[in-house]
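The structure comes next, followed by the account of it.

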Amino acid sequence: MQTSDKPVLLQIGSHVLYAEAHIPRSEYAGAAGTAAGLQALSMRVSNMKRDQLIVIYCGCCPWGKCPNIRPAYEELRELGFTNIKALYLADNFGKDWVDKGYPIAKGN
């Protein structure tokens, strides 16, 4: 896999949660449930190819109640991105990722 083939991993939830624990190599891209967060997300992806694989995730709360996943996904689609995936975290990042022993990073 070439570097350009690797997915861009974007956490689009709370910065506090990102600082506590996030997926290694993921970047904080702004809480997409807010106008400022959507603007930060747009700025982060502005120079990317529209077919770049982007994986977004939040994990702030149960999937069906997340205020960030849908706005982020829709914003990326409106910007012309065609290869977007959303990481399904049924309950929250702690229960569905951290507690299962998957790798995490902290800070920033």
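Glutamate 27 is partly exposed, at a relative accessible area of 30%, where buried means under 20% relative accessible area, exposed over 50% and partly exposed in between, with a 1.4 Å probe and protein chains only. Its partner in a salt bridge is arginine 44, with 2.6 Å between the closest N and O atoms; a salt bridge is a side-chain nitrogen of Lys or Arg within 4 Å of a carboxyl oxygen of Asp or Glu. Because glutamate 27 lies in strand E2 (residues 27–28) and arginine 44 in helix H2 (residues 35–45), the pair ties together parts that are 17 residues apart in sequence. Helices (H or I, at least four residues) and strands (E, at least two) are DSSP runs, numbered from the N terminus.

## Basis of the model

This is a predicted model, in which local features need pLDDT of at least 70 and side-chain atom pairs count only at pLDDT 80 or more, while totals for chains, interfaces and linings use all residues. Residues are numbered from 1 along each chain as its sequence is written, and side-chain values use heavy atoms, with hydrogens and water left out.

## The other salt bridges

The structure holds 3 salt bridges. One of them joins arginine 70 and glutamate 74 at 4.0 Å, N to O, and these residues, 4 apart in helix H3, are separated by about one helical turn. Aspartate 91 forms a salt bridge with lysine 95, with the closest N and O atoms 3.2 Å apart.
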